[in-house]
Amino acid sequence: MSPGADVKAIDALQDWHNALCVFRTEAVESLSSIAMEIRRAFDWIDEQAKSWHREAREADDDVVQAKAELNQRKTPNYDGRIPDTSVQERNLARAKARKQFAEEQVEVCRKWAVRLPKMVNEEYEGSARRLGNFLEADLPVAIAHLNARIESLHNYLQVQPERAATETTS
C-alpha cells in the first residue's frame, strides 16, 4: 500500500483553470471589440450618407451650371449661326451621370442604414447577450468551483497517512 493520496492530475486541473480564466478575459475583450466595430460601421454608413448627399448637391449644381452654359452656347452668334455645343453637351452628360451616381449611392447608404441595425439585432445581439451573460455570471462561478476543487486536492495531498502516525507511537 502506498503512503498518501495518489493524485496526479492537479497540474492538469490548474492548467484548465488558467485556460478558462484566459478564455473569459479574451472573450469579454472580443465582445467589447465587436461592439466597437459595429458602432464604427454605423458611424461609417452615416458619414458616407452625408458625403454622398453633399456630392449629390454639388453634382446638381454642376448640372444647373452645365445647362446654363449649353443654353448660352445655343444662342446664335453675330452671323446667325449656332455654334458647336458638343463640349457643353458632354459636360452636361457628365454632370448628369455624376448626379445620378451620387443619388444611387445616397440610396445605397439609406438602405444599409435600415438594414444593418436589423442584421445586428437578428444575427448578433441575442448570441452576444447570451455569451456575455455566460462570461459574467456562469463562468466565474465555474472557475471559482474549479479553484475550490483544486484547493481541496492540494489540502488532501497534505494529509499524512494514519500509518505514519501509528509508527511514531510504537
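The rings of Trp 52 and Phe 101 have centres 5.4 Å apart and planes at 80 degrees, so I noted the pair as edge-to-face (planes under 30 degrees apart are stacked, over 60 edge-to-face, the rest tilted).

This is a predicted model, where local features need pLDDT of at least 70 and side-chain atom pairs pLDDT 80 or more, while totals for chains, interfaces and linings use all residues. Residues are numbered from 1 along each chain as its sequence is written, and side-chain values use heavy atoms, without hydrogens and water.

I then placed the two rings. Trp 52 is in helix H1 (residues 10–73) and Phe 101 in helix H2 (residues 86–158), so the pair ties together parts 49 residues apart in sequence. Helices are DSSP runs (H or I, at least four residues), numbered from the N terminus.

Next I checked how the helices pack. H1 and H2 meet at an angle of about 170 degrees, their axes 7 Å apart; axes are lines fitted to C-alpha atoms over the stretch in contact, and angles run from 0 to 180 degrees between N-to-C directions. That makes H1 roughly antiparallel to H2 (over 145 degrees; under 35 is roughly parallel, 65 to 115 roughly perpendicular, the rest oblique).

Last, I looked up Arg 115. Its charged end sits over the ring of Trp 112, 4.7 Å from the centre; this requires NZ of Lys or CZ of Arg within 6 Å of the ring centre and within 35 degrees of the ring normal.

Key:
Phe/Tyr/Trp six-rings, centres within 6.5 Å; stacked < 30°, edge-to-face > 60°. Helix = DSSP H or I, 4+ residues; strand = E, 2+ residues; numbered from the N terminus.
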